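Good morning, colleagues. Please turn to the sequence and the structure on the screen.

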Amino acid sequence: MLERLLGFLKPEVRFAPWQGEVRTLPPPATVTLALSMPGEMPFEPIVNVGDPVKTGQFIAMRSNKAGLHSTITGVVTSIGPGHCWNGSEVLMLTIRRTGDDDMVKVREIPDMETASREDLVQILSDLGFDSPWKPESLQHLLCDIEKVPVNKIIVRAVDQEPPLSVQRRFLTEFLGDLRESIAGVKIISGDVPVVLVVHREMAETARKELPGVEIFPVGNNHLDTNPMLTLEKITGKFYSFHDN
């Protein structure tokens with residue numbers, strides 16, 4: 001306490017319930033999506049300027065079949081250079097909205113408990129997830145770094161920016177979805193240990209609601225919620241933003 005009063009330590013961020021109204025924003029007239037980011041493998045466009053696209057449709061893909069989807073229904077208006085958050089030049093794709101969402105249909109799993117590993121891995125691939133698990137038909141497309149075995153799975157239910165409450169909502173509002181997703185990941189990974197990173201005030205609830213999952217509580221400051229530092233604390237290995 002004395003160190004905080006003298007200014008050596010910053011005050012902890014405390015959260016309070018908010019009673020305001022949540023509103024759904026209307027869809028944007030246009031969206032611009034980055035097809036590449038510094039230090040990452042780029043997505044190659046699989047649509048052309050002038051092509052109509054549906055919401056959820058693949059618009060770009062990597063060689064390992066990881067894909068990028070359209071977030072609106074519209075027409076591709078441009079594919080060309082742009083700039084990302086750090087000023088680096090990257091490839092951008094712009095879509096102009098032409099109407100209400102026309103969603104691409106996806107195959108659903110009716111019951112996670114009876115789903116096979118093969119079904120789950122195939123659906124991950126069909127949805128374009130950049131995961132380390134691929135169907136046998138795509139194994140030859142994996143690069144060496146993707147063939148590294150998965151020994152531990154870390155799920156972050158914390159927010160990197162203390163005033164925001166997005167990730168933590170998985171515990172407060174979508175606990176059923178989180179529990180089912182972790183069960184699916186365990187089926188896919190062969191029951192690899194799962195670590196759930198939560199804020200300290202939610203640790204007891206997480207332990208009660210998610211038996212069999214290791215709970216890693218953290219504070220509410222930037223050093224505690226930084227994803228790279230969290231990974232280092234859990235694994236004992238230092239990671240950079242360019243690690244895969």
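Predicted model: local features only at pLDDT ≥ 70, side-chain atom pairs only at ≥ 80, totals over all residues.

Residues are numbered from 1 along each chain as its sequence is written, and side-chain values use heavy atoms, with hydrogens and water left out.

The protein chain contains seven helices and 10 strands; these are DSSP runs numbered from the N terminus, with at least four residues of H or I for a helix and at least two of E for a strand. Of its 244 residues, 33% count as buried, that is, under 20% relative accessible area with a 1.4 Å probe, protein chains only. The chain exposes about 15900 Å², of which carbon and sulfur atoms supply 56%; the areas come from the Shrake-Rupley method with a 1.4 Å probe.

Now to the sheet. Three strands form an open, parallel sheet in the order E8-E9-E10, where pairing requires that DSSP finds at least two bridges between two strands. E8 (153-156) and E10 (214-218) are the edge strands, each with a single partner, so one side of each is left without a neighbour in the sheet. From one strand to the next, the twist averages 25 degrees.

Strand E9, residues 194-199, pairs with E10 over five bridges, in the parallel sense. Which residue in E10 is the bridge partner of Val 198? The partner is Pro 217.

Finally, helix H7, residues 227-235, lies across E8, E9 and E10 and runs at about 140 degrees to E8. Such angles run from 0 to 180 degrees between N-to-C directions, with axes fitted to C-alpha atoms, for helices over the stretch in contact, contact meaning heavy atoms within 4.5 Å.

How values were computed:
Buried < 20%, exposed > 50% of the residue type's maximum accessible area, 1.4 Å probe, protein only.
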